[in-house]
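Please read them with the structure open.

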Amino acid sequence: MSLTDDTHYMSLALQLAERGLYSTHPNPRVGCVVVREGKVVGQGWHHRAGEPHAEVNALNDADDEARGATVYVTLEPCSHHGRTPPCADALIDSGVARVVIAVADTNPAVAGQGLARLEQAGIGVTTGILENPARELNGGFLRRMQGGRPWCRVKMAASLDGRTAMASGESQWITGPQARSDVQRLRARSAAIITGAGTVRADNPSLTVRPEELGDIGHKALPATEPLRVVLDRNLTTPPEARVITGSGSAVIVTTEAAIDATKSRLLRDNGAEVITVEPDGDGQPDLGAVIAELAARNINEVLIEAGPILAGAALASGIVDEFWLYQAPTLLGSNARPMAALSLDTMAQQHRMAVLDRRIVGGDQRIILQPHH
């Protein structure tokens, strides 16, 4: 196979991997294509955790035609027994001649061992084909497997003058239905959503995925569970009957040891919430770094922050934000309206620069994805 052929078939495998965009948590999204004599004879992707991996699905699709074929897989095949047997063994047993891999797995249980097992079996191995898009698809998983934190996004809806709500708190709706549908897809791919107690008290959001607003996601499967709702609440002011608690899925209220109130905590727990404590930051609020570390320990790969300007500003200032998703409507809310992020800046040298990763029109609004310069 030429480099052009390898790139073409790996592109097909990545398209298959994207079918698991919303459903594979906490596992990575992986796609696989089996090619023999210039013809795709098998294809598959990982649907959900606990179900067969992409390689097994593709090999089953190819059946006997897998023998002597070239396999394209977007992530290094696993070499350990988890909830499913090792994919490296399945590839060896099928008699494939060559395996092309986009990116090596950073999971310590795999981390090069899958590659080594294939090579020891006499199978040709090529790595690094379309590595960057493969990394982007599983950025949170790959980082977390290296002992790091989840991938963290902040989402804001704002006017042209950078306002997110009127002074009264009224904010529905700044952006149109297409933008709100896009946000639902962003929620659906996130394993956890963080907000602040102030937002819960003011808006009483559910922070769940609304299937009727997802639009046409085609063959992409819906999440098996709702994102974990995480409320940062120093003084435990979240109402026990708040929709983030009583809605479907799970909710965690995060406070600090100094702020714990046994009566409030019991009422929240009685209504189904989990209450945990983390170290406070310099302002006495739950430390964002500690919150993100807790989510990493819970196998969360992608986190979405949907909150008001105080928490959004704190997240940006803390350096935990990987992407800033701005949905901007062609309207003006005026100088009395609330800003996007509460940042105490006095000089131009303190400004928070960002790089534009993507810009596109979504209905009547524009969506800009930015990467903060840490």
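Predicted model: local features only at pLDDT ≥ 70, side-chain atom pairs only at ≥ 80, totals over all residues.

The points below go from the overall fold to single residues.

1. The protein has 12 helices and 16 strands.

2. Overall dimensions. The radius of gyration is 23 Å. A compact globule of 374 residues would come out near 21 Å, so the value agrees. Along the principal axes, the C-alpha atoms fill a box of roughly 65 × 45 × 40 Å.

3. Burial and contacts. Of the 374 residues, 49% are buried. Take the contacts between residues at least 6 apart in sequence: 71% of them join residues at least 24 apart.

4. Surface and charge. The accessible surface is about 16,900 Å². Carbon and sulfur atoms account for 48% of that surface. There are 35 positive and 43 negative charges, and their mean positions are 4 Å apart.

5. The aromatic pair. The structure holds 1 aromatic pair. Its members are Tyr 9 and Tyr 72, with ring centres 5.4 Å apart. Their planes meet at 40°, between the 30 and 60 degree limits, so the pair counts as tilted. Tyr 9 belongs to helix 1 (residues 3-17) and Tyr 72 to strand 3 (residues 70-75). The two are 63 residues apart, and the pair thus links distant parts of the chain. Both tyrosines, Tyr 9 and Tyr 72, are buried.

6. The cis peptide. His 25 and Pro 26 are joined by a cis peptide bond, with omega at about 5°. Pro 26 sits in the loop between helix 1 and strand 1 (31-36).

7. Asp 63. This residue is not a glycine, yet its phi is positive, at about 60°. Asp 63 lies in the loop between helix 2 (54-62) and strand 3. Is the residue buried or exposed? Asp 63 counts as exposed because its relative accessibility is 54%, and the cut-off is over 50%.

8. Asn 299. Here too a residue other than glycine has a positive phi, near 65°. Asn 299 is placed in the loop between helix 11 (288-297) and strand 12 (302-305). Its relative accessibility is 38%, so Asn 299 counts as partly exposed.

9. Helix 12. Which residues of helix 12 (residues 309-318) are buried? They are Pro 309, Leu 311, Ala 312, Gly 313, Ala 315 and Leu 316. Just after helix 12 comes Gly 319, with a positive phi of about 85°.

How values were computed
Residues numbered from 1 in each chain as written. Heavy atoms only, no water. Helix = DSSP H or I, 4+ residues; strand = E, 2+ residues; numbered from the N terminus. Rg over C-alpha atoms; globule rule 2.2 N^0.38 Å. Buried < 20%, exposed > 50% of the residue type's maximum accessible area, 1.4 Å probe, protein only. Contact = heavy atoms within 4.5 Å. Areas by Shrake-Rupley, 256 points an atom, 1.4 Å probe, with all protein chains shown as cover. Lys, Arg positive; Asp, Glu negative; His and termini not counted. Charge placed at Lys NZ, Arg CZ, Asp CG, Glu CD. Phe/Tyr/Trp six-rings, centres within 6.5 Å; stacked < 30°, edge-to-face > 60°.
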